[in-house]
Amino acid sequence: MAGMNSRSGRRETEEERADRQWGDLLQELRVAQTGVQILFGFLLAVVFQPRFADLSTVDRNIYVVTVMLGSATAAALIGPVSYHRLLTGRRMKPQTVIWASRLTKLGLGLLFCTMCSTLLLILRVALHNVTALWLVGGMALWFLVCWFVFPLWAIARGRRREPADGGEAPDTEDSQDPGPRS
């Protein structure tokens, strides 16, 4: 029978916990991978458009950087699937979840850079002025707020709500583990 984790209230072994976290991570990856694949496909098609020849050297360089970032993003977000497939059956699920989670976090960081770079390229071509930089900066700030500030704020609020009388606290293993959260 699975042991009770008094901090989380779950009855699960380390393997069961890894299975649950792997399922959570797969759901997160499905969302991110779809968006990255669509964006990357768009980026690959840009070079074949007639107006590509009209781009300035700076815009072409931004394009090359953007395509490389998109490639790195796709690799990082598809990497957990390969990692899992190669380690399946080796009794390494907990380690697989940890490394897959790390790759996913790296992929999200790269996705942030890819999105900003893509926006910069598109807005420079569309606006031809410094307004593009301001708009990209504003959107980058919005991405940071949505992807990092809100979750960190929720964590901070959760910590303030912990009982001060020595009652049960949240599962600190889950909060320290780099794996996905449920």
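Analyst: A helix axis here is a line fitted to C-alpha atoms over the stretch in contact, and angles run from 0 to 180 degrees between N-to-C directions. This is a predicted model.

Take helix α2 and helix α3 (residues 93-127). Their axes come within 8 Å and cross at roughly 160°. Angles over 145 degrees count as roughly antiparallel. That makes α2 roughly antiparallel to α3. The crossing of α2 and α3 is left-handed. Sorted by class, the contact of α2 with α3 holds 22 nonpolar residues, 12 polar ones and 3 charged ones.

Helix α1 spans residues 14-46, and helix α2 spans residues 57-87. The two pack at an angle of about 150°, with their axes 9 Å apart. α1 and α2 are therefore roughly antiparallel to each other. Their crossing, too, is left-handed.

Which residues make this contact? From α1 come W22, L29, A32, Q33, V36, Q37, F40, L43, L44 and V46. From α2 come Y63, T66, V67, G70, S71, T73, A74, L77, I78, P80, V81 and H84. By class, the contact of α1 with α2 has 15 nonpolar and 7 polar residues. No charged residue takes part in it.

Y63 leads on to the rings. It belongs to the α1 contact, and its ring also pairs with that of F52. The count of aromatic pairs comes to 4. In the pair of F52 and Y63, the ring centres lie 5.1 Å apart and the planes stand at 70°. Planes over 60 degrees apart count as edge-to-face, so this pair is edge-to-face. The pair links distant parts of the chain. F52 sits in the loop between α1 and α2, while Y63 is in helix α2, 11 residues apart. Both F52 and Y63 are buried.

W142 and F150 form another edge-to-face pair. Their rings are 6.5 Å apart, centre to centre, with 90° between the planes.

One group of rings remains. F112, F143 and W147 are linked into a cluster by ring pairs.

Methods: Residues are numbered from 1 along each chain as its sequence is written. This is a predicted model: local features need pLDDT of at least 70, side-chain atom pairs count only at pLDDT 80 or more; totals for chains, interfaces and linings use all residues. Side-chain values use heavy atoms; hydrogens and water are left out. Helices (H or I, at least four residues) and strands (E, at least two) are DSSP runs, numbered from the N terminus. Angles under 35 degrees count as roughly parallel, over 145 as roughly antiparallel, 65 to 115 as roughly perpendicular and the rest as oblique. A crossing is left-handed if the near helix is turned anticlockwise from the far one by less than a right angle, and right-handed if clockwise. Contact means heavy atoms within 4.5 Å. Ala, Val, Leu, Ile, Met, Phe, Trp, Tyr, Cys and Pro count as nonpolar, Asp, Glu, Lys and Arg as charged, and the others, Gly among them, as polar. Rings of Phe, Tyr and Trp (its six-membered ring) pair if their centres lie within 6.5 Å; planes under 30 degrees apart count as stacked, over 60 as edge-to-face and the rest as tilted. Buried means under 20% relative accessible area, exposed over 50%, partly exposed in between (1.4 Å probe, protein chains only).
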